[in-house]
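Hi everyone, thanks for coming. Please have the sequence and the 3D view open while I talk, and stop me whenever you get lost.

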Amino acid sequence: MDASAMTHAHGDAKDFRLLILAPHGRDAALAEQALLRSGLLPETCADFEALRREIKVGAGAVLIAEEAIPVYDVREPKALFGDEPPWSSLPIIVLLRNSSSYRHFRALRSLERRPNITFLERPVPRRTFVSTLHAALEARRLQYDIRDALDAAKAASRKKDEFLATLAHELRNPLAPIRNAVYVLRERNRDDPASDKNLKAHALISMVGRQVDHLVRLVDDLLEVSRITTGKVTLRKEHVALATCINEAVAISQPLIETQQHELIISLGDQRLAVHGDPVRLAQVFANLMNNSAKYTPPGGRIEVSMRQEGGQAVVSVRDNGMGILMGMLPQVFDLFSQSYRARGRDQGGLGIGLALVRSLVEMHGGRVEAHSDGAGQGSEFVVFLPLVASALERSEAEPVALNAQALGRVLVVDDEKDIADSLAMLLETLGAEVCVAYAGMEAVSATARFRPRVAFIDIGMPIMDGCETARRIRSLNDGKDVVLVALSGWGSKDDRRGTQRAGFDHHFVKPISLETLRSIFPRPAG
């Protein structure tokens, strides 16, 4: 394929130029004419600096005479021709004289370390010369193919992230009123829990609540694995006692463990063992491992969590006496979407994301994770290794805020989805708040002036006037300057959060909101 055909395929002539640098202009002109007849796209450079500038513009290969190479000491080849992106290795053809001077010899020795360089001794047979140049340009074309594939790959990754974010948004919206309804029914069912009717209602409410929580976790995991594998998650590291993270994980996993009637044995040994890590993410690691054991252990099983020190590492083990792992699946157990039990019809639900998250998060903390099992029916053990720090800094944790009427006060709920707005309003009223509901942005601005809320929950994706514009207008009111503005949205990326922060929001939470999140919003009552 000649240069003109390559240009037609890739659409940019500059990418296939053959840049020429010869010590004498007449020699360069003669070479340019000969190469044009061979179907190449030569372009002569006046000096070495001009050559470097043209390389930055675009080039298929460089043809340079030995005499034109600078004779100053060159320790790195890139000092001559400049840096290149990871996909690029620009072909360089050097025409050598019969005998090189000592000063040129040092530069040539440096160039020998450069990949994709060819030395031709003059006089060069025409056929050899032209075929070498064509081969160099073909190598360059293949590099452009790799470059284009990497653009394409980034575009596909971006589309995937956009799809996952949209999917999560669309799933979270219908989940919000369902979860709110569960909370409301649970609160109203507390009046007479002993009656047979209420016992049955409580069982049904609990069942729906568990399934909603499961769906929420699936949506969150789907987004989480995308963010982690693309490096979009930033760890908030601190010195933290590892036992604190494990205890937090136990609290997260306890409902599933109790539902399965498992025996949970905790042995943490020296609870002063500390790591430099993100306590939230580490709790997520251990909770995922415990949840995995709870899911793949038959009811009434045993789960053991232990911690010990080995040299400069903390070692946390989560062991169960459950279904075990098929021997052939051990190497793939941490792969994304891998589920080692499907072959035996023992699918326990989920997307096969949890263990992939575990491995990614542990490696982000400078550690590693291993899986062990003697086979099907023999149980399994997951072992996390994390580098220790000298000592732990005690973390003081604020007591969770109890929700009560005095703490909630007046609350404005704004959402164009009537089911979402009404269900959240019912939940807040059940908890003792005085609630006003608005189904549009302008209606919310008017309600703020009239109702004077203490807190406002505002949906972001409303038509006509979106949540951010609604927040800005509320902030412009005298009665809106001190309102605690809470953005509720199916969107939760960093860009989304930055946007709501600029609009004047105090908090940004993804739907559906939980009772624990509500506790973090409302301050303690005065006195």
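This is a predicted model: local features need pLDDT of at least 70, side-chain atom pairs count only at pLDDT 80 or more; totals for chains, interfaces and linings use all residues.

Five strands make up an open sheet, in the order 2-1-3-4-5, with parallel pairing. Strand 2 (42-44) and strand 5 (117-121) are at the edges with a single partner strand each, so one side of each has no neighbour in the sheet. On average, neighbouring strands here are turned by 20° against each other, ignoring direction.

Let's look at strand 3 (61-65). Are its residues buried or exposed? Five of its five residues are buried, so to speak of it as mostly covered follows from the definition of buried as under 20% relative accessible area. A61, L63 and A65 point one way, V62 and I64 point the other way, and all are buried.

Strand 3 also has partners to show you. Strand 1 runs parallel to strand 3, and four bridges join them; I20 has L63 as its bridge partner. With strand 4, strand 3 again pairs in the parallel sense, over four bridges, and here V62 stands opposite I92. Across strand 1 (18-21), strand 2 and strand 3 lies helix 3, residues 48-57, which runs at about 170° to strand 1.

V455 has V484 in strand 16 as its bridge partner.

How do helix 14 and helix 15 pack, and at what angle? Helix 14 (residues 467-476) and helix 15 (residues 494-503) meet at about 25°, with their axes 8 Å apart. Angles under 35 degrees count as roughly parallel, and therefore helix 14 and helix 15 are roughly parallel to each other. The crossing is right-handed. C468, A471 and R472 of helix 14 make the contact with G499, T500 and A503 of helix 15.

Next, helix 12, residues 418-430. Its 13 residues, at 1.5 Å a residue, should span 18 Å, and the end C-alpha atoms are 18 Å apart, which agrees. Buried residues of helix 12 include I420, A421, L424 and L428. After helix 12 comes G432, whose phi is positive, near 110°.

Last stop: V437, in strand 14, residues 434-438. V437 counts as partly exposed because its relative accessibility is 23%. Leaving out residues up to four places away in sequence, V437 touches V413, A421, D422, A425 and E443. Two of those names, A421 and A425, are also among the buried residues of helix 12. The C-alpha atoms of V437 and L412 are separated by 5.9 Å, with the two residues 25 residues apart along the chain.

Conventions. Residues are numbered from 1 along each chain as its sequence is written. Side-chain values use heavy atoms; hydrogens and water are left out. Helices (H or I, at least four residues) and strands (E, at least two) are DSSP runs, numbered from the N terminus. The expected span of a helix is 1.5 Å times one less than its number of residues. Buried means under 20% relative accessible area, exposed over 50%, partly exposed in between (1.4 Å probe, protein chains only). Two strands pair if DSSP finds at least two bridges between them. Axes are lines fitted to C-alpha atoms, for helices over the stretch in contact, and angles run from 0 to 180 degrees between N-to-C directions. Contact means heavy atoms within 4.5 Å. Angles under 35 degrees count as roughly parallel, over 145 as roughly antiparallel, 65 to 115 as roughly perpendicular and the rest as oblique. A crossing is left-handed if the near helix is turned anticlockwise from the far one by less than a right angle, and right-handed if clockwise.
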